[in-house]
Amino acid sequence: VEIIRSYGIEPIGAFILGLDTDTPESVDKLVNFVEKANIVAAQIYLLMGVQGTRTYKRLATEDRIMAQPHKSPLLPTNLLYKIGQNEAFVQLRDAWRRIYEPRVFFARIRRNIATHKTGDAPFSRVTSPHFNFRLASRLIWRLGLLPDYRFSFWKTCFLSIVSGRINLFMFWALYAYHLIKFRRVVMDKLPPVMPDETSYVTDFNKLPEGIDYARCGECTLLIY
C-alpha cells in the first residue's frame, strides 16, 4: 500500500467477507489491516456467486447456490456460507459498524492528510468553484454542526488548512458523510442477527400491514 502511495496514487480498498476461509477472527483482522494501512474509504461486501465464474461453478457443485436468493437492499446474497448465514451477516454488520465509526473515520482522514504524497491541486480541479462552495457549506452543516462527532470534523478540517490540503479534506469528507450515513442506516435498520428468510419480499405491493420497512429500488427489507 505504501509503495502505491509513493507514486501519488491513493488506494481505495474493497474487501470481501463470507469466504470459505473466514473465521470468527476475520473481522478483527480486516479492521486491523484497514487501520494499519490507513485505507480511508474501505468498502466491505459479502461474497456473491456470479454466474460464469469458477467460484459460482464450484459452489453450485457443492449445492450452496440459493434457488431464491435474499434480495434485501442492505444484504443481498445468493450463497450459503461455510461459516454460517448468521455469522456471515453478523461479521459484515460488525465490519461496517467499526470501520465507518465517525471518529475512527476522521482519524484515518487526518493520517492520510498528514502523509499524502500528492499535492492539493489535483483535487481542486475535480469540480467547479461554485460546486465546491455549495459542497463546503453542506459539509459544514451536516458534519460540522449537527452531529455529536463534529469536533472530529473540525479537528480534521483545521489540519487540512494548516497543511494546505483543504480540497483533499473535502474529497474525503464527502466520502465520510455518505459512509457514516450508511452506517447509521445499517445500525438503525438491520437487526443484530440475520432475519429469517421469510422476512424478505421483492414485491413492494405485497408488504404485510403493521410492519416498518426500509425500501431500496425494487427490493424491501422488513424490520421487525
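Predicted model: local features only at pLDDT ≥ 70, side-chain atom pairs only at ≥ 80, totals over all residues.
Hi everyone, let me begin with the aromatic rings. How many aromatic pairs does a search of the whole structure find? The count is 11. One of them joins Phe171 and Trp172, with 5.0 Å centre to centre and 65 degrees between the planes. That pair counts as edge-to-face because the planes are over 60 degrees apart.

Phe106, Tyr149, Phe153, Trp154, Phe158 and Phe169 are linked by ring pairs into a cluster.

Phe106 takes us to helix H5, where it is among the buried residues. H5 covers residues 102-115, so 14 residues in total, and spans 20 Å from first C-alpha to last, close to the 20 Å expected at 1.5 Å a residue. Phe105 and Arg108 have a contact of their own: the charged end of Arg108 sits over the Phe105 ring, 5.0 Å from the ring centre. As a reminder, residues three or four places apart in an α-helix point the same way, because there are 3.6 residues a turn.

Last stop, helix H1, residues 2-6, which holds Arg5. Is Arg5 buried or exposed? Arg5 is buried, at 7% relative accessibility. Its side chain makes a polar contact of 3.1 Å with the side chain of Glu10.

Terms used: Residues numbered from 1 in each chain as written. Heavy atoms only, no water. Phe/Tyr/Trp six-rings, centres within 6.5 Å; stacked < 30°, edge-to-face > 60°. Lys NZ or Arg CZ within 6 Å of the ring centre and 35° of its normal. Helix = DSSP H or I, 4+ residues; strand = E, 2+ residues; numbered from the N terminus. Buried < 20%, exposed > 50% of the residue type's maximum accessible area, 1.4 Å probe, protein only. Polar contact = N/O pair within 3.5 Å; in protein donor to acceptor, adjacent residues only side chain to side chain.
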